[in-house]
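Dear colleague,

I am handing over the structure we spoke about, and below it you will find my notes on what turned up when I went through it. Please read them with the coordinates open beside you.

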Amino acid sequence: MINLIADLGAGLLTRLVQIGQALLMLLQAIFVQPKASSLPRLMQQLFVVGVQSLIIMLVSALFIGMVLGLQGYTLLSAYGSEQAVGQMVALTLVRELSPVVAALLFAGRAGSALTAEIGLMKATEQLASLEMFGIDPLHRIVAPRFWAGMISLPLLVAIFSLVGIYGGHLVAVDWLGVYSGSYWGNMQQAVDFNEDVLNGMVKALVFAFLISWIALYQGYSCVPTSQGISAATTRTVVYSSLAILGFDFILTALMFGGAV
Amino acid sequence: MNKRWLELSVGLMMVAGLAALVALALQVSGGNMSRNAEHYAISALFENAAGLGPKAKVTMAGVTVGEVVAVGIDPHTLMAEVHMKINSQVNYISIDSSASILTAGLLGEKYIGLTVGAEDDVLVAGDVIEDTQSALVLEELISQFLLNVGDNK
């Protein structure tokens with residue numbers, strides 16, 4: 001019995017230590033003196049993390065927008081108000097679906113790759129040899145990847161929303177015959193830039209922070225074996241997804257919770 | 001991988017992302033910003049404010065000029081006290097204006113319509129509109145209608 005409680009305490013302490021380590025790693029990686037020579041590395045990471053995620057984002061955004069258009073039309077035409085489909089598609093995308101789905105895809109597409117890459121660097125002792133040269137791997141390896149994630153995800157979310165809205169337009173207006181003017185007009189009446197679009201961007205920033213942090217920490221702290229890397233990659237995707245969904249609820253409650 | 005091509009594609013992604021944000025601002029939200037523009041607060045006392053809540057529109061001649069901030073009970077008159085904020089640019093609502101609770105469509109959202117009076121004095125912050133017309137409660141209308149039908153028999 002006493003052992004059980006001791007185990008519980010030990011587990012809690014390990015977790016706390018891990019969180020502390022992750023926080024320290026993050027602080028050391030974020031507060032880097034920006035140098036002109038680190039720009040090419042940031043470019044490289046922006047390409048890997050951002051540009052290479054673009055295709056999957058575009059395709060999913062188009063299909064999600066089309067599904068929303070179709071579902072919205074079927075649902076709303078039962079009440080004879082299919083003109084409101086534009087407003088439904090836009091608000092759903094801008095407020096919720098774009099940040100959340102883009103972040104989940106980002107965690108699977110870019111986060112797992114970051115963990116695996118850094119994990120392998122650790123396993124092949126590349127990080128240790130960098131330290132031997134007197135180069136801090138946190139500055140050299142972790143920082144550009146973190147900032148690349150923070151920059152690319154919000155941009156990807158903006159593209160995601162726009163493509164999704166045009167996907168909804170394709171189905172609702174071009175195929176099902178909703179009047180184009182009411183699609184855009186109702187949308188423009190309902191969507192507020194500060195309240196809806198910018199809040200979506202805030203969500204994107206928070207998710208980018210969470211994903212980059214979790215992915216980099218899992219890679220940096222993984223057990224340097226093949227099983228260790230595979231376990232760390234899995235943990236990145238699982239923890240990121242849970243964090244995204246959990247924080248999405250909290251953020252939504254704060255932003256749109258209707259505090260009277 | 002050519003370095004120039006890498007930089008070009010990263011640049012294109014950033015331009016596309018920012019352009020998407022601008023398009024969201026212009027095309028999707030129609031430049032609608034909840035500007036924290038200047039407002040002034042007025043209130044109105046209604047017999048019945050059923051269905052009216054915060055953020056409901058306040059319109060004048062069909063044009064939105066403000067929104068409802070809060071709905072509460074006035075402890076002295078026991079009437080519904082509706083606090084509204086009106087755009088400062090609309091500073092020409094005469095003091096004998098009346099407010100009525102209207103419905104967009106038969107079952108749509110409730111909003112306040114202001115009907116401008118004839119006085120030269122205008123409403124300023126803190127003023128109360130007393131000439132009001134209450135919300136239309138569908139159930140009351142139906143029961144009245146049924147009573148009338150019963151009487152006519």
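In chain B of this predicted model, strands E2(B) and E3(B) form a hairpin with two residues between them, and B:Ala61, which sits in that turn, has a positive phi of about 55°. The two strands, E2(B) covering residues 57–60 and E3(B) covering residues 63–74, pair in the antiparallel sense over four bridges, and within that pairing B:Met60 stands opposite B:Val63 of E3(B). E2(B) also pairs with strand E6(B), residues 110–115, but here the sense is parallel and the bridges number three; in this second pairing B:Met60 stands opposite B:Leu114 of E6(B).

These pairings belong to an open sheet of eight strands with mixed pairing, whose order in chain B is E7-E1-E4-E3-E2-E6-E5-E8. Its edge strands are E7(B), residues 128–129, and E8(B), residues 132–133, each of which pairs on one side only. For E8(B) the partner is strand E5(B), residues 98–103, to which E8(B) is joined by two bridges in a parallel arrangement, with B:Ser100 having B:Gln133 as its bridge partner.

The domain assignment of chain B gives domain 1 as residues 1–33 and domain 2 as residues 39–142, and the C-alpha centres of these two domains lie 43 Å apart.

Chain A is built otherwise: its secondary structure comes to nine helices and zero strands. Its C-alpha atoms fill a box of roughly 70 × 55 × 35 Å, taken along the principal axes, and of its 260 residues 41% are buried. If one takes the contacts in chain A with a separation of 6 or more, 87% of them are between residues 24 or more positions apart.

Where do the two chains meet? The contact takes 26 residues from chain A and 20 residues from chain B. On the side of chain A that touches chain B, the elements that give two or more residues are helices H2 (39–50), H4 (85–123), H6 (137–175), H7 (180–190) and H8 (193–220), and of these H6(A) gives the most, with seven residues. Sorted by class, that side of chain A has 18 nonpolar, five polar and three charged residues.

The nonpolar cores are the last item. The largest one has 73 residues, and the members that touch the most others are A:Ala103, A:Leu153, A:Leu156, A:Ile159, A:Ile211 and A:Leu216. At least two residues of this core come from each of H2, H3 (54–77), H4, H6, H7 and H8 of chain A, and likewise from helix H1 (3–28) of chain B. H6(A) gives the most to this core, with 21 residues, and H6(A) is also the helix that gives the most to the side of chain A touching chain B. As for A:Ile211, if its neighbours within four places in sequence are left aside, this residue is in contact with A:Ala103, A:Phe106, A:Ala107, A:Gly111, A:Gly149 and A:Ser240.

With best regards

Methods
Residues numbered from 1 in each chain as written. Chains lettered and ligands numbered in written order. Predicted model: local features only at pLDDT ≥ 70, side-chain atom pairs only at ≥ 80, totals over all residues. Contact = placed C-beta atoms within 7 Å. Nonpolar A, V, L, I, M, F, W, Y, C, P; charged D, E, K, R; others polar. Buried ≥ 20, exposed ≤ 12 C-beta atoms within 10 Å, placed from the backbone. Pairing = 2+ DSSP bridges. Domains from an automatic or database assignment. Core = buried A, V, L, I, M, F, W, Y, C linked by C-beta atoms within 7 Å.
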